[in-house]
Amino acid sequence: MDERSAAWAAAAEAASDVPTLTALFAAEADRAGRLSVDVAGLHFDLSKMHLSKAAEVALAGLLAASDFESRRAALLSGATVNPSEARAATHAAERGSGSGSAVAAAADARRAMQRLVERVECGAFGEIRHILHIGIGGSALGPALLVDALGGDGARYDTHIISNIDGVALERAMRVCDPARTLVVVVSKTFTTVETLTNAESARDWIGGAERFVAVTAAPEKAAAWGVARENVLGFAESVGGRYSLWSAVGVTAALGLGWVAFESLLAGAREMDTHFETTPVAANAPVLAAMVDVFYAAFLGAETRAVFAYDERLRFLPSFLQQLEMESNGKRVDTTGRALQHPSAAISWGGTGTDAQHAVFQLLHQGTHLVPAEFVMVKTPGHGLGAAHHRQLLANAIAQGAALMRGRTAQEALAVSSGDAALAAAKTFPGNRPSSAIVLETLQPHTLGALIAFYEHRTFTAAVLLGINPFDQWGVELGKEMARAALDGNAGEGFDASSRALLARLL
Ligand code: F6P
């Protein structure tokens, strides 16, 4: 048995005999303290996860057997870590971390981005009131999260992020924007994404030209050929994956809306997390510990999903941002050498906002038959001026949910509130022992949000190392794109089954 197989077997062994959460707390007085990490204005508490000491040792062994340290060094030095596309993954360089030529190239690109922000502010595009950001997937989800989380009432522009090809989205924005006062920012790494180009063409028709268009892309010649003036095209490196790209010029909409100082602070927060990830030993390394727990649940304990609940309205787009980050990165069926995985890959990521989700989906978390690790993301200081009652209730609910998931309610306790009715008592029984983690931001600022997003990026990377997969490609979305093109071109031949052909005949 090779080292990795042996380490895998040891983790499976630890998973076969995990104490309950209550037992884990009873056995260790300082469990909450030991499994908590504070970094960059963020507090992570993983103590209500089934990480026994035996599991922790086994997973750390699996990390070592998976060459984690050299893979992390490769990531941060700009070496090739994406073998199927023969590329590095230089998102950390985009914020000034790591080493290698990508760091200086990113700094140059950042200066160009800053100049563009200044030109907009100085009126080079006229008096701008609205920004229409057109992009999809990684070219939209990060900017949307940043603008929504940090913009608030202080946002400098009325910003609309349009991703869907469904014209309803663009038309709604057109209804409230003045075309003469709108800057259009078209973001597409490849500048070939059909949805983005179709939306951009409709926006160009609406405005009557591309003078007030900015393009952000890794294919600048394509943007220029499309009609965006050269000086309005911002580039970024091929080695920056779409879902990791908000630190690059892809974030220009956020830099415009929040101001350059805020954008720099976002990058500084991410850098602080990069340093933590690079230098902190495993036992106190927040993204590494979180990844170990993720893989423990997904690959060893049979959890098919994990849920993230943002207990803060400002972070309402966090779950959808994480869905792309985690599922497009680690939803793979083969390992880095092309062999079929013998274990599950990443869990399905889903979630919502608290307290809304409590009144919609938490029933399943408390009493359903699925094991779902839940994550509660909270911010200590409120994002509104309505008084303390709102925020106290919000935070109390988040904490109470985690406690209730772990504690449950015994059959005996349920009987006591069921007038002796056994069936009712069964319905009121909660098994408990359900895992949750907590992430607390001291305040929601560019710095802390930058650190939070970088935390999730490194967690996703570390989980990929443990699972043995490449988190930086996404071949799985290609086939559907090709077939959509064939359907549009009227080539729905043998590649389409009878049901799909009938639907095409009905709809197109
Ligand atoms: O189809 C998936 C995808 O390639 C994502 O990875 C990417 O974020 C998105 O499409 C948009 O791609 P682009 O930025 O090239 O338009």
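Analyst: Here is a quick tour of the sheet, some helices and the ligand shell. Keep in mind that this is a predicted model.

User: Okay, which strands make the open sheet, and in what order?

Analyst: There are six, ordered β1-β2-β11-β10-β8-β9. The pairing is mixed.

User: Which strands stand at the edges?

Analyst: β1 (36-39) and β9 do. Each has a single partner strand, so one side of each has no neighbour in the sheet. From one strand to the next, the twist averages 15 degrees.

User: How do β1 and β2 pair, parallel or antiparallel?

Analyst: Antiparallel, over four bridges. β2 covers residues 42-45. In that pair, serine 36 sits opposite aspartate 45 of β2.

User: Now β8. How many of its residues are buried?

Analyst: Six of seven, so the strand is mostly covered, where buried means 20 or more other C-beta atoms within 10 Å of a residue's own. β8 spans residues 305-311.

User: And how many bridges join β8 to β9?

Analyst: Six, and the two strands run parallel. β9 is residues 348-353. On the β10 side, β8 has five bridges, again in the parallel sense. β10 is residues 374-379.

User: What does valine 308 pair with in β9?

Analyst: Glycine 351 is its bridge partner there. In β10, the partner of valine 308 is glutamate 375.

User: What holds paired strands together in general?

Analyst: Backbone hydrogen bonds, in either a parallel or an antiparallel arrangement.

User: What kind of unit do β8, α15 and β9 make?

Analyst: A β-α-β unit, and it is right-handed. Helix α15 is residues 318-330.

User: Which strands does α17 lie across?

Analyst: β8, β10 and β11 (436-441). Helix α17 covers residues 388-407 and runs at about 155 degrees to β10.

User: Last stop, the ligand. Which residues come nearest?

Analyst: Gly137, Gly138, Ser188, Thr193 and Gly242, out of 14 residues around the ligand.

User: How does that shell divide into nonpolar, polar and charged?

Analyst: Two are nonpolar, nine polar and three charged.

Definitions and conventions:
Residues numbered from 1 in each chain as written. Predicted model: local features only at pLDDT ≥ 70, side-chain atom pairs only at ≥ 80, totals over all residues. Buried ≥ 20, exposed ≤ 12 C-beta atoms within 10 Å, placed from the backbone. Pairing = 2+ DSSP bridges. Right-handed = clockwise from strand over helix to strand, strands pointing away. Axes fitted to C-alpha atoms, helices over the stretch in contact; angles between N-to-C directions. Contact = placed C-beta atoms within 7 Å. Near = placed C-beta within 6 Å. Nonpolar A, V, L, I, M, F, W, Y, C, P; charged D, E, K, R; others polar.
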